[in-house]
Amino acid sequence: MSTRQGQVEIALRVIEGLWTLRAVPADHFADDCRFFLHGRAITRSEFAHLSQRALSHAMPDASVRVRRTLHTGDTVAVRATTSGTHTGELFGVPATGRTVSFNCTAWFNFRGEQVREMHIHWNGLAPVRPLRDAYDRLTRAASVAGLGE
């Protein structure tokens with residue numbers, strides 16, 4: 001397999017692993033790999049927590065549909081959509097049982113066949129806002145009616 005093919009395959013594995021219960025092998029990342037979420041630097045452990053705990057718990061049936069990949073030099077870009085059932089807390093919103101979808105764009109800079117820098121951007125809060133708003137309205141209504149906690 002060429003380095004180019006290997007880089008694209010690794011980028012796809014990372015995207016799928018981020019949203020599903022599949023672990024991403026640590027050797028896909030350089031020891032000095034830098035991670036960015038919406039332009040903010042995050043640590044390797046924050047990335048692991050995000051992928052293996054937070055997202056997989058909130059949408060355990062998540063599936064990823066890759067919409068497009070671009071490759072130039074040592075950079076791979078991936079555009080994907082993730083869909084799943086909201087069965088666990090997601091960005092502070094308790095489970096709703098509804099299907100939610102996220103669009104994601106990720107940029108990977110490689111050194112050989114290891115990711116040395118990864119940038120992830122998604123509309124993560126866009127599908128959650130209506131859920132959060134509905135939850136807040138129900139909570140307020142229950143409180144007013146004396147049905148609160």
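I take a polar contact to be a pair of N or O atoms within 3.5 Å; within protein, one must be able to donate a hydrogen and the other to accept it, and residues adjacent in sequence count only if both atoms are side-chain atoms.

**Ground rules.** I am reading a predicted model, where local features need pLDDT of at least 70, side-chain atom pairs count only at pLDDT 80 or more, and totals for chains, interfaces and linings use all residues. I number residues from 1 along each chain as its sequence is written, and side-chain values use heavy atoms, with hydrogens and water left out.

**Thr-81.** I found Thr-81 in strand E4 (residues 75-85). Strands (E, at least two residues) and helices (H or I, at least four) are DSSP runs, numbered from the N terminus. A polar contact of 2.9 Å links its side chain to that of Asn-103. Is Thr-81 buried or exposed? Thr-81 is buried, at 9% relative accessible area. Buried means under 20%, exposed over 50%, partly exposed in between (1.4 Å probe, protein chains only).

**The sheet.** I traced an open sheet of 6 strands in the order E2-E1-E6-E5-E4-E3, with mixed pairing. Its edge strands are E2 (40-42) and E3 (63-72), each pairing on one side only. Two strands pair if DSSP finds at least two bridges between them. Strands E5 (residues 99-111) and E6 (residues 114-122) run antiparallel, joined by 8 bridges. Arg-111 has Gln-114 in E6 as its bridge partner.

**Helix H1.** I checked the length of H1 (residues 3-19). Its expected span is 1.5 Å times one less than its number of residues. Buried residues of H1 include Gly-6, Ile-10 and Trp-19.
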